[in-house]
2 protein chains.
Amino acid sequence: MPDSPEAPRFLKACRREATDVTPIWLMRQAGRYMADYRELRSRVSFLELCKTPDLATEVTVTAAERLGVDAAILFADILLILEPIGLDLEFAKGEGPVIHNPITESSDVDRLRPMTSAEPLGYVMQAVSQIRAALPPSIPLIGFAGAPFTLACYAIEGGGSRHYDRAKAFMYRDPGAWDVLMRQLTDATALYLRAQAEAGAQVLQLFDSWVGNLSPFDYKRFVQPHMRRLFDALPADVPTIHFGTGTATLLEAQRDAGGSVIGLDWRVELDEAWNRLGPEVAIQGNLDPVVLLAPIDEIRRQARRILDQAAGRPGHIFNLGHGILPSTPVDHVRALVEIVHEGR
Amino acid sequence: MPDSPEAPRFLKACRREATDVTPIWLMRQAGRYMADYRELRSRVSFLELCKTPDLATEVTVTAAERLGVDAAILFADILLILEPIGLDLEFAKGEGPVIHNPITESSDVDRLRPMTSAEPLGYVMQAVSQIRAALPPSIPLIGFAGAPFTLACYAIEGGGSRHYDRAKAFMYRDPGAWDVLMRQLTDATALYLRAQAEAGAQVLQLFDSWVGNLSPFDYKRFVQPHMRRLFDALPADVPTIHFGTGTATLLEAQRDAGGSVIGLDWRVELDEAWNRLGPEVAIQGNLDPVVLLAPIDEIRRQARRILDQAAGRPGHIFNLGHGILPSTPVDHVRALVEIVHEGR
């Protein structure tokens, strides 16, 4: 069903309809680089912020309005879903996420609790609903979840990792237990995203942030079937964004698994990637987040280059290739939004 | 000048000549995964080991003999070259390399000392010469250096980094100072590698380990011209290996910069990469190091798949896509060497 001419440009681009200017939003647009956010975080912990719908609403809406972007994204964390399935999650100060009871043996998969309802994550759906009510109709709300591979990496590594060697070794050692784990994470994620859509999320993004550490051969064997099942389980009328980093060699396999929009990081040329993927998908990306630390002239040069590469093809959503870095000047982010809205 | 029929298979493969079986060596084949190495390191620091030719010789030769590989690689570190140019390097226990006086301002580039002779790194050339004398003639010796971009990252970040944001921001902010820095690192590296070749290194590998964090656009502007100049400054009769990780989208640009052999990591399919690069280069790679943590059957499946992809093309050197991980069982490494020597 095509949108009316007044549909927000972000939604139109997700559906590959022509837009007046290129829509833009930015991963981690609400975050540490903003003074308001740092001030709030000096008073409440990260998990507390995620679990308090009033506060999640405040940071989501403030960021979108302050920047003048074309979409808001729910303030939450991809790891929240690990709690109801039985993993003990903590955000240790300055150390990132820690899981105190990681999956180390195949038998640990059996102790995970299948998620039968999204109710334990009700605080997220409450936030989605409040954010949707607080945003102007012109600003669509993006819901999101971590993709199963990335969640499995955290669950097995017990936190961040450099080589993902424990997760990958688990996968190689016991493909059966890996399959059970991935199915369970896939089911939970589908349930969670459907609940977000019912609560008011208009677009859903899957963050497969670490999948770029896999060879194409392993991606196809150990991840792609689960991603396909996940996308098939999402509401057909809600656009989806399939995002990862370091995925230059996985893009076709990701597209085949699903997603109305494929997210690119900066390591791949946008035009070449889109040529490879064909016109049946929209494209999100793909400025290097570090470019936002550069002088405005360099930001303009690189942003215009990306706009040039997308020119003439409906369905480009401007974004970074990964989240905004904490050291990014807010003024540079606002300048980028203006540059993209000015066009080429 | 073609080798005699008795030339070691590793050298023949570097020159894209047919070999009886596929030659193999492994990045970090002398390292923490070996009990002998850990025992030695319990007595001497990493820098002390690098700077003591007798010890560097012992670990280099022991590893090559123990594994039955087709080449030995000098035991050293890519960051040693930073000391004579004026950076204060330390390998802090469990933390990796730390540079106590990193380059933070453009003006810091001026305080670097141009390297006019490789003499301050004489201990490396002494090790090369001793290793060459200790190895059987059938085992060629590889010398190596870090590529200027990767060295610049360490020099600016002051150590390892997740996003290389300081290094990349420096590059964007002051392209002139960046150019001076890269020229200086290029000159020093060329001098150092020429000295290694004179001391007995028969093949030279450039490790541009972090270059895969750049977009292709930035690689071509900020790195490629320096790499081209560097390869042009190396002895024409010594084969060179041009290696990086995460370089799936940079391969053609790397090939154009130089290298008899292009190193691939596991994120790219070997046959597709070689088709893109054409038959005028040899290929090194490309098993995921984490596969060595898998059961032997999985190691065999993945190794044979790579051999299949290279079949019928002279010039394949089997290797991992990056260094052996410390948790790797030695038996698995030896099994891989046997599997590769058995062939498909």
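In the predicted model, the bridge partner of A:G143 in strand 5 of chain A is A:L204. With strand 1 (residues 72-73) of chain A, strand 4 of chain A pairs in the parallel sense over two bridges, and the partner of A:I73 in strand 4 is A:I142.

These pairings are part of an open sheet of chain A, in which seven strands follow the order 1-4-5-6-7-8-9 with parallel pairing. Strand 1 and strand 9 (316-320) of chain A each have a single partner strand and stand at the edges, so one side of each is left without a neighbour in the sheet. Strands of a sheet pair through backbone hydrogen bonds, either parallel or antiparallel.

Strand 4 (residues 141-146) of chain A is largely enclosed by the rest of the structure, because six of its six residues are buried. From this strand A:L141, A:G143 and A:A145 point one way, while A:I142, A:F144 and A:G146 point the other way, and all are buried. The largest nonpolar core comprises 230 residues, of which A:L74, A:A152, B:L74 and B:A152 touch the most other members. The element that gives the most to this core is helix 8 (residues 175-199) of chain B, with nine residues.

The helices were examined next. In chain B, helix 6 (residues 148-157) and helix 7 (residues 165-173) pack at an angle of about 105°, with their axes 8 Å apart, which makes helix 6 of chain B roughly perpendicular to helix 7 of chain B. The contact is formed by B:A152, B:C153, B:I156 and B:E157 on the side of helix 6 of chain B, and by B:R166, B:A167 and B:F170 on the side of helix 7 of chain B. By class, this contact of helix 6 with helix 7 of chain B has five nonpolar and two charged residues, but no polar ones.

Helix 7 (residues 165-173) of chain A is mostly covered, with seven of its nine residues buried, namely A:D165, A:A167, A:K168, A:A169, A:F170, A:M171 and A:Y172. The buried residues of this helix pack against helix 6 (148-157), helix 8 (175-199) and helix 9 (216-222) of chain A, together with helix 13 of chain B.

The contact between the two chains takes 27 residues from chain B and 27 residues from chain A. On the side of chain B that touches chain A, helix 7, helix 9 (216-222) and helix 13 (296-310) of chain B each supply at least two residues, and helix 7 of chain B gives the most, with five residues. By class, the side of chain B that touches chain A has 13 nonpolar, six polar and eight charged residues.

Note on methods: Residues numbered from 1 in each chain as written. Chains lettered and ligands numbered in written order. Predicted model: local features only at pLDDT ≥ 70, side-chain atom pairs only at ≥ 80, totals over all residues. Axes fitted to C-alpha atoms, helices over the stretch in contact; angles between N-to-C directions. Helix = DSSP H or I, 4+ residues; strand = E, 2+ residues; numbered from the N terminus. Parallel < 35°, antiparallel > 145°, perpendicular 65-115°, else oblique. Contact = placed C-beta atoms within 7 Å. Nonpolar A, V, L, I, M, F, W, Y, C, P; charged D, E, K, R; others polar. Buried ≥ 20, exposed ≤ 12 C-beta atoms within 10 Å, placed from the backbone. Pairing = 2+ DSSP bridges. Core = buried A, V, L, I, M, F, W, Y, C linked by C-beta atoms within 7 Å.
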